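Please look through the structure shown here and follow how some of its side chains are arranged.

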Amino acid sequence: MSIFEEVPDRKQTKSMKWDMLQMKFQSEDVLPMWVADMDFKAPEAVNQALINRAEHGIYGYTVIDEDVTSSITDWVKNRHGWHIQADWLNYSPGVINTLHMALQAFTEPGDKVMIQTPVYTPFYNIINVLEREVVKNPLIHQDNYYTIDFEDMEKKLASGVKAFILCSPHNPVGRVWTEEELRKMAELCLQYDAMIFSDEIHADLVFKDHKHLPIASLSEEIADKTITCMAPSKTFNLAGLQASYAITPNKENKQELEKAFRRQGLNNNLNGMAVPAMEAAYRHGEPWLNELLDVVEGHIAYIKEMFATYAPELKVTNSEGTYLVWVDCSALQMDKKELHRFMIDQGRVGLNSGQDYGEEGDAFMRINVACPRATIEEGVKRIIHAVEAWRESKN
């Protein structure tokens, strides 16, 4: 049996996804398909690297040596065609930590920071907690697909935006931006002198017929204004190990970013288990990843077919990447609070509420499909039954 077919028992493992149901949903009777980690075991090479480390039994200070850095640079080159240098790298526990540091390094309180909504909730949080101003460039939603409003983007940048946080691929709408879109965004940022902080944590999770392009790889001029955040965490289900890195080609910008980290007491290193896990994932995890992508695409196709047949009120956004499905529930004619409770109380599924991604997501729900087919089928069945009951109540 493939590890992607196994149904693991994650309860009582201090899992946020499975052990926080009461706190998150006020119910234990929900099937969790929310926070973005997978119900799949990591690649066997990763697990063996951690076992070997544990058997050694000494957990002292751990260095990131040339073997580790070359595993990163080789991965980025081979997977994304971007030739990066080891001295462009900074390390941190997570992408959001790096974005915190980047905003502190390159903006001031009161400065405008642009995001493309609906978008990953922590983007709002970091801007607000650092007392910067959120500037929205809402994506255009049409025909079950999202595109960029470049006219609005330019208008907002011209108003004095100092930094743009790009989500690429986009969470939650699943867009993998084209080269043309990336160039146009980058050129506008260059024109109006805005830094680009590019969250590319989902870079490896891209479906057939689509390709992720790191925005900084498009030109040296764009790279000079960009800090790119990547990690193996979403790719290989390593979020709990807390390993990420920033790629900053501009030497002066890298120094400023490092200063921001030092001011917060961070030392450009990773914990002793994250280091061997990341190296093993990048050296040996590609076959696992390729199988995962086939599984995820199959799950999304199944959900689309089932909803179209039995719950046509639910529209699955056309996705090009990530394992997160963005579902338009506007036909249910519920406000955001009603929709949230409907999925919990009638659907008995624990999903991410679209309202968390900005008002543009109020009529949406996000489903994590990185789980075994048995879980997908059970979750879809529960949602369809809830929608059928809702439909009958309207007749």
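In this predicted model, five residues form a negative surface patch: E187, E220, E221, D224 and E252. Aspartate and glutamate are the residues that count as negative, and the patch is made up of these. One of its members, E221, is located in helix 9, which covers residues 220-223. Is E221 buried or exposed? Its relative accessibility is 54%, and E221 is called exposed because the cut-off for that word is over 50%.

The next topic is the aromatic rings. There are twelve aromatic pairs in the structure. Where in the chain do F4 and F40 lie? F4 belongs to the segment before helix 1 (16-19), whereas F40 is in the loop between strand 1 (31-32) and helix 3 (44-56). The two are 36 residues apart, and their pair links distant parts of the chain.

Both partners can also be described by their accessibility. F4 has a relative accessible area of 3% and F40 one of 4%. Each counts as buried because buried means under 20%.

F4 also pairs with W288; this pair is tilted, at 5.4 Å centre to centre and 50° between the planes. This pair, too, links distant parts of the chain: F4 in the segment before helix 1 and W288 in helix 13 (residues 286-310) are 284 residues apart. W288 has a relative accessibility of 9%, so W288 is buried. Which residues form one aromatic cluster? F4, F40 and W288 belong to it, together with W75, F236, Y245 and Y282.

Salt bridges come next. The structure has 23 salt bridges. K136 forms one with E360, and the closest N and O atoms of this pair are 3.7 Å apart. That counts as a salt bridge because the limit is 4 Å. K136 is in strand 4 (residues 133-136), and E360 is in the loop between strand 14 (352-353) and strand 15 (364-368). K136 has 24% relative accessibility and is partly exposed; E360 has a relative accessible area of 23% and is partly exposed.

Another salt bridge joins the side chains of R175 and E320, at 2.8 Å from N to O. R175 sits in the loop between strand 7 (161-167) and helix 8 (179-191), while E320 sits in the loop between strand 11 (315-316) and strand 12 (324-328). These two residues are 145 apart in the chain, and their pair links distant parts of it. R175 and E320 are both buried.

A further salt bridge lies within a helix. E179 and R183 form it, with their closest N and O atoms 3.0 Å apart. Both residues are in helix 8, and the four residues that separate them are about one turn of the helix. E179 is partly exposed at 38% relative accessible area, and R183 is partly exposed at 29%. Salt bridges can also share partners, and in this way R10, K17, D37 and D39 are joined into one network.

Note on methods. Residues are numbered from 1 along each chain as its sequence is written. This is a predicted model: local features need pLDDT of at least 70, side-chain atom pairs count only at pLDDT 80 or more; totals for chains, interfaces and linings use all residues. Side-chain values use heavy atoms; hydrogens and water are left out. Patches are made of residues with over 30% relative accessible area and no salt bridge: like charges are joined within 9 Å, nonpolar side chains (Val, Leu, Ile, Met, Phe, Trp, Tyr) within 5 Å. Accessible areas come from the Shrake-Rupley method with a 1.4 Å probe; for residues, only the protein chains shown count as cover. The place of a charge is taken as NZ of Lys, CZ of Arg, CG of Asp or CD of Glu. Buried means under 20% relative accessible area, exposed over 50%, partly exposed in between (1.4 Å probe, protein chains only). Rings of Phe, Tyr and Trp (its six-membered ring) pair if their centres lie within 6.5 Å; planes under 30 degrees apart count as stacked, over 60 as edge-to-face and the rest as tilted.
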